[in-house]
Amino acid sequence: MERHITEAYSHPELLQQTEYREAVEAAVEALDKGHLRVAEPAEEGGWNVNQWVKQAILLYFRLRGMTTIDAGPIEYYDKIPLKRGYEQLGVRAVPPAVARYGAYLAPSVVLMPSYVNIGAHVGAGTMVDTWATVGSCAQVGEHVHLSGGVGIGGVLEPLQAAPVIIEDHCFIGSRAIIVEGVRVCREAVIAAGTVLTASTHIIDVTGPEPVTHTGYVPPRSVVIPGTRNKQFPAGNYGVPCALIIGQRKESTDLKTSLNEALRLF
């Protein structure tokens, strides 16, 4: 499958041949079922990006034609089908939540009115709250809470670019934005309104001296929005940053109990 897709990506005329089209279709079906991932944990603790899986998604767009999609009284007009069969998947989907075919939703995922794009992977027990978006190829772990209005960015190109990765048991506060391949490690808490991009300075201020990260939030960190001074030709101005103000404690864990209550009741 990988060989056929990499060849077809370099030579799109090969898609006229049945075996190449079938390879693309099979790859997207495997994404939809969770047998393939755009990125997966590496043994040394990082993440590996499978570029050829991104190529499959891009080729799938090329193969698909525009068509009308009916969802009860709601009509769409698009190339990618909607994900279906939520009861069999064990996924709770509250109208008008939308997930595209080719996105994987593990059992016990809860989708409030939200959006999950093709290539995304959402782990078991995760809550995607109202008006939250999970972009194409984003990787969201197990028992994560994406609060209302959270924006998790997607990436298809460049192929080598890592997607946004939210690891297990993270809590992402309302209206937080995480884009450009930022990795949020397990059990971290991101406060409401925090914006994390590849160039955002994520500054640990818990010690005697600041420690700055970019594109990476350490495990169990509690992160809030902040500003830092930067000199420009026109003067000194505050620019956005994020501050690590502590480590997740039991009192912090209590604030995420709403997630469990929504599942149980």
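Where is Trp131 found? I looked there first. Trp131 sits in the loop between β11 (127-128) and β12 (133-134). Strands here are DSSP runs of E, at least two residues, and helices are runs of H or I, at least four, both numbered from the N terminus.

Before going on, I noted the basis. This is a predicted model, with local features needing pLDDT of at least 70 and side-chain atom pairs counted only at pLDDT 80 or more, while totals for chains, interfaces and linings use all residues. Residues are numbered from 1 along each chain as its sequence is written, and side-chain values use heavy atoms, leaving out hydrogens and water.

Trp131 is not a glycine, yet its phi is positive, about 65 degrees. I checked its accessibility. Trp131 has a relative accessible area of 55%, so it is exposed. The cut-offs are under 20% for buried, over 50% for exposed and partly exposed in between, with a 1.4 Å probe and protein chains only.

I placed Arg175 in the loop between β17 (171-172) and β18 (177-178).

Next I looked for cis peptide bonds. One joins Pro95 and Pro96, with omega about -5 degrees. Pro96 lies in the loop between β5 (92-93) and β6 (98-99). Another joins Glu157 and Pro158, with omega about -5 degrees. Pro158 is in the loop between β15 (151-152) and β16 (165-166).

**A loop threonine**

Is Thr194 buried or exposed? I found it at 0% relative accessibility, so Thr194 counts as buried. It lies in the loop between β20 (189-190) and β21 (195-196). Not counting residues up to four places away in sequence, Thr194 touches Ala176, Ile177, Val223, Ile224, Pro225 and Ala242. Contact means heavy atoms within 4.5 Å.

**Helix packing**

I took α1 against α3. The axes of α1 (residues 2-10) and α3 (residues 51-63) come within 9 Å and cross at roughly 60 degrees. That angle makes α1 oblique to α3. Under 35 degrees is roughly parallel, over 145 roughly antiparallel, 65 to 115 roughly perpendicular, and the rest oblique. Axes are lines fitted to C-alpha atoms, for helices over the stretch in contact, with angles from 0 to 180 degrees between N-to-C directions. Glu2, Ile5, Thr6, Ala8 and Tyr9 in α1 meet Trp52, Gln55, Ala56, Leu58 and Leu59 in α3.

Then I took α1 against α2 (residues 18-33). Their axes come within 9 Å and cross at roughly 115 degrees. That makes α1 roughly perpendicular to α2. On the α1 side are His4, Ile5, Glu7 and Ala8, which meet Glu19, Tyr20, Ala23, Val24 and Ala27 in α2.

**Nonpolar cores**

Which residues touch the most other members of the largest nonpolar core? I found Leu111, Leu146, Ile166 and Val184, out of 38 residues. A core is a set of buried Ala, Val, Leu, Ile, Met, Phe, Trp, Tyr and Cys residues joined through side-chain atoms within 4.5 Å. The elements giving two or more residues to this core are β7 (104-105) and β26 (235-247). I listed the contacts of Leu146, leaving aside neighbours within four places in sequence: Met127, Val128, Asp129, Ala132, Val134, Val140, Ile152 and Ile172. Another core lies apart from the largest one, with 23 residues, among them Val38, Ala56, Leu59 and Ile118.
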